[in-house]
Amino acid sequence: MTIPFDYETMRLIWWVLMGVLLIGFALTDGFDLGSASLLPFVGRTDAERRMVINAIGPTWEGNQVWFILGGGAIFAAWPFVYAVSFSGFYIAMFLVLSAFILRPVGFKYRSKKPDPAWRARWDWALFVGGFVPALVFGVAVGNVLQGVPFRLDSDMRSFYEGTLLGLFSPFALLGGLVSVAMLVLHGAGWLTLKLEDGPVRDRAQRFGQVAALAAFVLYALGGVWLAMGDIGYRLVGTVDPLGPSNPRMAEAAHAAGAWLANYGAHPWMILAPLLGLAGPLVALLGIRGRKDVLVFAGSSMANLGIIASVGLSMFPFILPSSIDARSSLLVWNASSSHTTLFIMLLVTLIFLPIVLAYTAWAYKVMFGRITTRDVNLNPDFY
Amino acid sequence: MIDMAVVELSRLQFALTALYHFLFVPLTLGLSFILVITESVYVITDRPIWRDVTRFWGKLFGINFVLGVATGLTMEFEFGTNWAYYSHYVGDIFGAPLAIEGLMAFFLEATFVGLMFFGWDRLSKRGHLLTTIMVAVGSNLSALWILIANGWMQHPTGAVFNPETMRMEVSNFKDVLFNPVAQAKFVHTVSAGYVCAAVFVLGVSCYYLLRGRHIELAKRSFTVAAAFGLASSLSVVVLGDESGYALTDNQQMKLAAMEGMWETEKAPAGLTLFGIPSNSAHETAYEIKVPYVLGLIATRSLSGEVAGIVPLVERADYRIRQGVIAYDAVEKLKVNRNDLAAREAWERHKSDLGYALLLKRFVADPRQADDATIEKAAWSTVPNVPALFFMFRIMAGLGFFFIVFFATAFAFSVRRRFDRKWFLRAAVLAMPLPWLAIEIGWLVAELGRQPWAVDGVLPTFLGASSLTTTQIWATIFGFTALYGIMAVIEVKLMLSTIRHGPEVYEGYEGQPSPERAPATTFTAIPAE
C-alpha cells in the first residue's frame with residue numbers, strides 16, 4: 001500500500017484527531033456530565049429533576065460514545081499512551097469507570113419505580129456519574145502536565161512508581177476544579193437551551209454564573225502556575241519525527257515554564273488560551289443578557305479553548321515521564337505504525353461525517369424545550 | 001521475573017467482567033432483531049397489537065441494554081488498565097477493530113437507541129422502524145468488530161514483529177479483516193445471541209400462556225420466537241466455529257484438547273462422545289468413540305489428519321528452540337540495530353519468537369534455558385484438557401437441544417397449538433440454558449487459547465500490567481460489588497416488568513394540544 005502522507009504528517013494528523021475526539025467528548029457528553037452534576041441541586045422535586053434528566057435522556061447515550069471511541073482510538077493510534085496511562089492511573093480509571101457504569105443504569109432504572117427513596121438514590125448515582133468523571137479527568141490532565149512517574153524498560157514494559165494519593169497534588173486538584181467548573185458551566189448552558197422558563201432553568205443559570213467565574217479564575221490561575229511554577233518538560237537533542245515508535249530513543253528533561261515555550265515559537269497558538277478565557281465570560285454575558293444561545297456558545301468555546309491549550313502547550317509531548325529521561329511519550333515516538341495510522345484515517349474520514357450526520361438528525365428529532373407538561377404526560381419520558 | 005499472582009488475578013478479573021458483560025450482550029443482539037420483526041409486522045399490517053408487542057419487548061430490551069452498555073465500558077479500557085503490555089505489544093493491530101467498533105457500531109446503536117425509546121411520537125412509523133433497524137444493525141456490527149479483534153488473538157494473520165518498536169505491527173490489514181476464524185466466530189456468536197433472545201421471548205410467552213394472561217401478545221410472540229429460534233439454533237450448530245481449527249498449531253491444540261485426543265490417530269479420526277481426560281497422566285480414560293466423525297468434521301475429508309496433543313507438544317518444543325535464536329537476535333538488535341548477522345538470524349526465525357517467550361515464565365532470559373526447562377515450556381502449551389473436554393460437550397449438547405426444542409415449538413406454532421402444558425412449562429424452565437451455553441462457549445474459546453494471549457505470539461502471562469495484587473484485589477472487589485448490586489436490580493426489574501405485562505399505548509403529541517391528548521390517560525408516573 002502506498003501512503004500519500006509521510007509518517008510525520010500522519011502522526012500530526014492523529015495528534016489533531018485525538019484532540020478532536022477529546023473536544024468532541026467534552027462538547028457533547030460534557031454537558032451530560034455537567035447536567036448530572038447539577039441534578040440534585042437545580043431540581044428540588046421529582047418533577048423538576050425529571051426535567052433535567054429528560055433534557056439529556058434521549059441523546060446522552062450517543063454522546064458517551066465519544067468517550068468509548070476516545071479509548072478505542074487512543075488504543076489504535078497511540079498504543080503506548082493507552083497502555084501507560086490507563087495502567088498507571090489504575091485506581092483512578094476504576095473510579096471513572098464505576099461512575100460511568102452508574103449512568104446508563106441510573107437514567108433507565110430511576111423511572112421504573114415511583115418510590116421517592118428509590119429515585120433519590122438514583123439521583124445521587126447520576127450525580128456521582130457526572131461529577132466524579134468531571135473531577136478525575138481534570139486531575140488526570142493536571143498530572144499529565146506535571147509529568148507521570150513511569151518508566152519503560154528495553155522490552156517497552158511500563159512500570160508506574162506513583163501512588164494513588166500522589167495523584168492529588170495541589171496543581172492536579174486545580175486541574176480537577178477547572179474541569180468541574182468548565183463542565184458544570186456547559187451543563188448549565190445546555191439546560192438553558194433545553195428547559196422551558198421556570199425555576200429549574202433559573203437555578204441552573206445561577207450555578208452557571210458561579211461556574212463561569214470559577215472557570216475563568218481557576219483557568220487563569222493554572223496559566224500563571226505554568227509560568228511561575230516548577231512545571232514543564234523540554235526535549236534534549238533532537239527527535240526524528242519519521243523514526244520508529246520507540247520512546248527510549250528520545251531524551252527529555254524537566255524545565256520550569258517550558259509548557260509556555262510553544263506560544264513564543266508559534267504565536268497563533270495563543271488563540272486557544274484566549275478562547276478558554278473568553279468562553280466563560282461570553283457565557284456569563286449570555287446569562288446576564290438572557291441570550292440563551294450565547295450561554296451555550298460560550299461554554300462550548302471554553303471547552304474547546306481549554307482542552308486545545310493543554311495539547312498545544314505540551315506539544316510534542318503527550319505523556320512526559322517525571323522519573324526517567326528516556327521514557328516520555330511524544331507525538332513522534334508513541335504512535336502506531338505508519339500503515340495503521342493511515343488505515344484508521346481512512347476509516348475516520350468515511351465514518352465520522354456519517355456519525356455527525358445522524359447525530360445531527362437525532363438532535364433535530366428531539367429538538368425543542370422540555371416542558372412540565374411533557375414530563376407529566378409523555379409515557380416515553382424517563 | 002513475572003509475578004504469577006498478578007497474572008492470575010488479572011485473568012480472574014477479565015474473566016469475571018467479560019462473562020458478566022456477556023450476560024447482557026447476547027440478549028441485546030437477538031432481541032433487537034426480534035423488535036425489528038415485530039415492528040415490521042406493525043408497520044405492514046398497521047394493527048396496534050403489534051405496536052404493543054414491540055413496545056413490551058422493547059421495554060425489556062431497554063432494561064437489559066443499559067447493563068450491556070455499562071459493562072462494555074469496562075471492557076474497552078480493561079486492556080489498558082490490566083493488560084498494558086499486551087496493549088503495547090499488539091495495539092497496532094488489535095486497537096484498530098476496537099476503534100472502528102466505536103466509530104461504526106457504538107455510535108449507531110447508541111444514537112438510535114435514544115430515538116427508539118423517545119421517538120415513538122416524534123417519528124413516522126417508518127422512521128421509527130428505521131431507528132429500530134439501526135439499533136439492531138449497530139449492535140450486531142459491534143459484535144463483528146470485537147470478534148475480528150478476538151479472531152486475531154486466536155489466529156494472528158497480517159502482522160509481523162518489529163524489533164525497533166518491540167511490538168507486532170500490521171503488514172496486511174485485509175488479512176486481519178477477512179480472518180477466517182473471525183468470520184466463523186462472528187456467525188457463531190451472533191447466532192447464539194439470537195437463540196438466547198428466542199428462548200427468552202418464548203419462555204416469557206409460555207409463562208403468559210400458562211397463566212392465561214396477555215394471550216394475544218403471547219401467541220404472536222411465541223410464533224415469532226419459534227421461527228427465529230429454529231433458524232438461529234440451526235445456524236449456531238451448523239455454522240459452528242469449527243472451521244478455523246486446522247489453521248494453526250494452537251487452534252489444533254485447542255481441538256485436540258476439546259477432544260481429549262493425546263496421540264494423532266489414523267485418518268479419519270473418531271469423535272469421542274465420553275471419557276475422563278487427565279492433564280497429568282496425558283491420557284483420556286473410559287473413552288467412548290464414534291469412528292470417523294471427528295476427522296470428517298474437522299478436516300472435511302477422509303484423509304485429513306487431526307493432530308494429537310503429544311505430537312503438538314513436540315512441535316512446540318522444536319519451535320521454542322528456534323524461537324530462542326530469534327530472541328537472541330532481537331536482544332542483539334536492541335544494542336545495535338545495524339547488526340547484520342543478528343538481522344539475518346532474526347529474518348530466518350522470527351515466526352517462532354513467541355515460543356521463546358514461553359520460557360520467561362521459568363527463566364528471566366530464555367537463552368539460559370536448559371532442556372528440562374524447554375520441555376516444561378513445551379508442555380505449558382497444553383490447555384486445561386478436562387475442563388475443555390467437558391465444557392465443550394455441555395455446550396454442544398445444549399446446541400443440539402435447542403434445535404429439537406425450537407423444532408417442537410415451531411411445529412406447535414404452525415398448528416396453532418399453544419395449549420400443550422408440558423411444553424409451556426419446559427419452555428419456562430429452559431430460559432437459563434442459552435446463557436449457560438454462551439458463558440461456557442466463551443470459556444471454551446478463551447481457555448482453549450491458553451497459554452497464549454495471542455496464539456503463538458504473546459503468552460498471556462507476559463501481557464499483564466505491572467500492578468500489585470492489592471490494586472487488582474481492590475478492583476475485583478469493587479467490580480464484584482457494583483456488578484452484583486446491578487444484577488440484583490436488573491433481574492428484579494425484568495421480573496416486575498414481565499409480571500406487570502404489556503400496556504396499551506395511545507397516541508401522545510409532543511406539542512400542546514389538549515384535545516388530542518387527554519390528561520386523564522396518563523398518570524404522573526410514566527410507564528417507562
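1. **Ground rules.** This is a predicted model, in which local features need pLDDT of at least 70 and side-chain atom pairs count only at pLDDT 80 or more, while totals for chains, interfaces and linings use all residues. Residues are numbered from 1 along each chain as its sequence is written, and chains are lettered from A and ligands numbered from 1 in the order in which they are written.

2. **Chain A overall.** Start with the inventory: chain A has 13 helices and six strands. Here helices (H or I, at least four residues) and strands (E, at least two) are DSSP runs, numbered from the N terminus. Chain A has a radius of gyration of 21 Å, close to the 21 Å from the globule rule for 382 residues, so chain A is as compact as a globular protein of that length. That radius is taken over C-alpha atoms, and the globule rule is 2.2 Å times the number of residues to the power 0.38. Along the principal axes, the C-alpha atoms of chain A fill a box of roughly 65 × 45 × 40 Å.

3. **Inside chain A.** Of the 382 residues in chain A, 58% are buried. A residue is buried if 20 or more other C-beta atoms lie within 10 Å of its own, exposed if 12 or fewer, and partly exposed in between, with C-beta atoms placed from the backbone. Two residues are in contact if their C-beta atoms, placed from the backbone, lie within 7 Å. Among contacts in chain A with a separation of 6 or more, 79% are between residues 24 or more positions apart.

4. **Chain B overall.** Chain B has 18 helices and six strands. With a radius of gyration of 26 Å, close to the 24 Å that the globule rule gives for 528 residues, chain B is as compact as a globular protein of that length. The box filled by its C-alpha atoms is roughly 85 × 55 × 40 Å along the principal axes. In chain B, 53% of the 528 residues count as buried.

5. **Two domains in chain B.** Chain B is divided into domain 1 (4-246 + 385-500) and domain 2 (247-383), with bounds that come from an automatic or database domain assignment. Taken over C-alpha atoms, the centres of domain 1 and domain 2 of chain B are 31 Å apart. Their contact takes 29 residues from domain 1 of chain B and 33 residues from domain 2 of chain B. On the domain 1 side, helix 14 of chain B gives the most, with five residues. That side of domain 1 of chain B divides into 19 nonpolar, six polar and four charged residues. For these classes, Ala, Val, Leu, Ile, Met, Phe, Trp, Tyr, Cys and Pro count as nonpolar, Asp, Glu, Lys and Arg as charged, and the others, Gly among them, as polar.

6. **Where the chains meet.** Now look between the chains: 71 residues of chain A are in contact with 72 residues of chain B. Helix 12 (338-365) of chain A is among the elements that give two or more residues to the chain A side. Helix 12 of chain A also provides the largest share of that side, 13 residues. By class, the side of chain A that touches chain B has 42 nonpolar, 21 polar and eight charged residues.

7. **A helix pair in chain A.** The axes of helix 5 and helix 6 (residues 116-146) of chain A come within 8 Å and cross at roughly 145°. Axes are lines fitted to C-alpha atoms, for helices over the stretch in contact, and angles run from 0 to 180 degrees between N-to-C directions. The residues in this contact include A:Ala92 and A:Leu95 of helix 5 of chain A and A:Trp122 and A:Val136 of helix 6 of chain A. The contact has 15 nonpolar, two polar and three charged residues.

8. A:Ile354 is in helix 12 of chain A and is partly exposed, with 13 other C-beta atoms within 10 Å. B:Asn64 lies in helix 2 (residues 48-82) of chain B and counts as buried, with 22 C-beta neighbours inside 10 Å. Leaving aside neighbours within four places in sequence, B:Asn64 is in contact with B:Phe24, B:Leu27 and B:Thr28. B:Pro432 is in the loop between helix 15 (421-429) and helix 16 of chain B, and is exposed, with 10 other C-beta atoms within 10 Å. B:Pro432 and B:Val199 are 233 residues apart in sequence, and their C-alpha atoms are 8.7 Å apart in space.
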